[in-house]
Amino acid sequence: MSFAVRYLIAYGMDLIFGDPEFLYHPVRAIGKLIKFLEDRLYDLENKRVAGGLLVLVTLVVTFMVSYFFAMFKITEIYFLYTTLATKCLGDEGLKVYKILKLKDIERAKKELSYLVSRDTGEMEEGQIIRSVIETIAENSVDGVLAPMFFAVIGSLCTWHGISLALPFAMTYKAINTIDSMIGYKNDRYMDFGTVGAKVDDVANYIPARLSGIFIVIGAYICKYDYKKAFEIYKRDRMNHGSPNSGHPEACFAGALGLQFGGKTKYFGKVYNKPTIGDKRKDFSVGDILKARKLLYASSFAGLVIFLMLSKISDLVR
């Protein structure tokens with residue numbers, strides 16, 4: 001069975017099942033490892049070195065365990081499936097959409113608080129919608145396109161005859177999980193999380209920039225304004241505190257005719273984030289469904305292009 005077929009099965013499983021609630025999710029195991037290491041390394045005097053050790057141990061363990069499971073096609077397909085989050089990400093947005101349709105703002109703010117690190121307590125409906133769509137856009141890279149990228153790169157490499165598609169993809173998920181757990185610029189993690197945050201920036205550098213291609217194609221598939229998506233991508237992709245997050249957000253903003261950024265509250269402090277996109281319309285609840293549709297279309301575009309490149313590479317070799 002070729003890598004393309006195995007990966008198509010994994011992608012299909014993600015679209016059908018989403019996160020595997022019926023089985024233990026490997027990212028939870030990675031999270032427990034990170035917490036275990038944090039509890040034992042945080043008290044070291046040099047916080048950056050301690051955080052660096054956490055990153056090193058987590059990535060080595062993840063790579064080696066994933067390599068073991070890559071030896072068996074069934075387990076490889078299952079674990080590749082768990083690296084993708086297209087349905088999960090879309091469904092999280094859908095939950096907030098359904099709550100907003102019921103006009104239950106307080107419940108929508110609570111549901112959103114599970115998805116974002118920003119403060120949601122004082123948000124109005126438009127801010128909730130904006131936050132949901134920004135999250136879908138940003139995580140289209142972390143949760144979908146970047147794992148695809150590393151799986152395909154890994155599929156071109158072998159170690160003792162075993163494909164490195166799964167070890168590469170799962171190690172990326174470990175990097176992303178480290179950043180989501182300790183990559184905050186607060187008193188506790190300002191130094192301890194520095195290495196993890198920087199490694200995450202490096203890992204997402206190429207996938208974030210490739211996302212501009214996939215999201216523009218996705219906008220074309222959805223019959224959204226793909227020309228504006230590309231225009232705003234070129235203009236506003238660097239209007240973000242993160243070196244990577246602005247790329248997918250700019251494409252989504254252009255395709256949907258929305259403006260992201262502006263006043264956002266994190267941990268009790270208000271930040272005036274640079275704007276991304278042109279405000280051609282106010283935020284409406286239906287924009288969440290449009291963003292969800294664009295997520296699915298761009299993930300499909302990424303899948304097709306990555307697998308085509310994989311097949312071409314096989315033919316060249």
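**Notebook: salt bridges and two lysines**

I began with D39, which forms a salt bridge with K35, the closest N and O atoms being 2.7 Å apart. I count a salt bridge when a side-chain nitrogen of Lys or Arg is within 4 Å of a carboxyl oxygen of Asp or Glu. Both D39 and K35 lie in helix 2 (residues 26-41), 4 residues apart, about one turn of the helix. Helices here are DSSP runs of H or I, at least four residues, numbered from the N terminus.

I noted that this is a predicted model, where local features need pLDDT of at least 70, side-chain atom pairs count only at pLDDT 80 or more, and totals for chains, interfaces and linings use all residues. Residues are numbered from 1 along each chain as its sequence is written, and side-chain values use heavy atoms, with hydrogens and water left out.

I looked up accessibility next: buried means under 20% relative accessible area, exposed over 50%, partly exposed in between (1.4 Å probe, protein chains only). D39 is partly exposed at 43%, and K35 is partly exposed at 40%.

In helix 5 I found E92 and K95, 3 residues apart, meeting in a salt bridge at 3.5 Å, N to O. E92 is buried at 19%, while K95 is partly exposed at 39%.

K228 is buried at 17%. The structure holds 17 salt bridges.

Last, I checked K103, in the loop between helix 5 (86-101) and helix 6 (105-113). Phi of K103 is near 65 degrees, a positive value in a residue other than glycine. K103 is exposed at 63%.

Terms used: Helix = DSSP H or I, 4+ residues; strand = E, 2+ residues; numbered from the N terminus.
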